[in-house]
Amino acid sequence: MNANFTDVASALTDSISKDGQTTLTGQLKAASGTAAAPGYTFGSDLDCGEYRIGADNIGYAIAGAKVLDISATGLGVTGTLSATGA
């Protein structure tokens, strides 16, 4: 029976636990995404998150629109930038 399930055993060995017990030893990769559908997002807010704009350039989107652009040449903010506190 074990010979029939070696592929299942390999998949379980290579899987990541959803409760945080797994330590990643390689890169965590996601799809490049877009502002409307970021590569890293949230289950309850699919148009909010991080995405790849281009080579060495990432963006952050809120409500499907780019609000932050980070590249080797600097940081760009779309909209109003405000600070609170001291």
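Which residue in β2 is the bridge partner of Phe 42? In β2, Asp 45 is the bridge partner of Phe 42. The legends below start with the whole chain and then turn to parts of the sheet.

This is a predicted model, in which local features need pLDDT of at least 70 and side-chain atom pairs count only at pLDDT 80 or more, while totals for chains, interfaces and linings use all residues. Residues are numbered from 1 along each chain as its sequence is written, and side-chain values use heavy atoms, with hydrogens and water left out.

**View 1. The protein chain has 1 helix and 5 strands.**
Along the sequence the elements follow the pattern α-β-β-β-β-β. The radius of gyration of the protein chain is 19 Å, well over the 12 Å that the globule rule gives for 86 residues, so the chain is more spread out than a compact globule. Helices (H or I, at least four residues) and strands (E, at least two) are DSSP runs, numbered from the N terminus. The radius of gyration is taken over C-alpha atoms, and the globule rule is 2.2 Å times the number of residues to the power 0.38. Taken along the principal axes, the C-alpha atoms fill a box of roughly 60 × 30 × 25 Å. Of the 86 residues, 10% count as buried (buried means under 20% relative accessible area, exposed over 50%, partly exposed in between, with a 1.4 Å probe and protein chains only). The chain exposes about 6900 Å², of which carbon and sulfur atoms supply 57%; accessible areas come from the Shrake-Rupley method with a 1.4 Å probe, and for residues only the protein chains shown count as cover. Among contacts between residues at least 6 apart in sequence, 6% join residues at least 24 apart (contact means heavy atoms within 4.5 Å).

**View 2. An open sheet is formed by 5 strands in the order β1-β2-β3-β4-β5.**
The pairing in this sheet is antiparallel. Its edge strands are β1 (40-42) and β5 (74-77), each of which pairs on one side only. On average, neighbouring strands of the sheet are turned by 15° against each other, direction ignored. For such angles, axes are lines fitted to C-alpha atoms, for helices over the stretch in contact, and angles run from 0 to 180 degrees between N-to-C directions. Two strands pair if DSSP finds at least two bridges between them. Strands of a sheet pair through backbone hydrogen bonds, either parallel or antiparallel.

**View 3. Asp 56 lies in the loop between β2 and β3.**
The phi of Asp 56 is near 55°, a positive value in a residue other than glycine. With a relative accessible area of 70%, Asp 56 is exposed.

**View 4. Asn 57 is a buried residue in strand β3 (residues 57-62).**
The relative accessible area of Asn 57 is 15%. Its side chain makes a polar contact of 2.6 Å with the side chain of Asp 69. A polar contact is a pair of N or O atoms within 3.5 Å; within protein, one must be able to donate a hydrogen and the other to accept it, and residues adjacent in sequence count only if both atoms are side-chain atoms. Leaving aside neighbours within four places in sequence, Asn 57 is in contact with Arg 52, Asp 69, Ile 70 and Ser 71.

**View 5. The strands β3 and β4 form a hairpin with 2 residues between them.**
The two strands run antiparallel and are joined by 6 bridges. Gly 59 stands opposite Asp 69 in β4. Ala 63, in the loop between β3 and β4, has a positive phi of about 55° although it is not a glycine. Ala 63 counts as exposed, at 62% relative accessibility.

**View 6. A hairpin with 2 residues between its strands is formed by β4 and β5.**
Here 4 bridges join the strands, which run antiparallel. Ser 71 stands opposite Gly 74 in β5, and Asp 69 stands opposite Gly 76 in β5. Ala 72 is in the loop between β4 (65-71) and β5 and counts as exposed at 77% relative accessibility. From C-alpha to C-alpha, Ala 72 and Thr 22 are 32 Å apart in space, and they are 50 residues apart in sequence.
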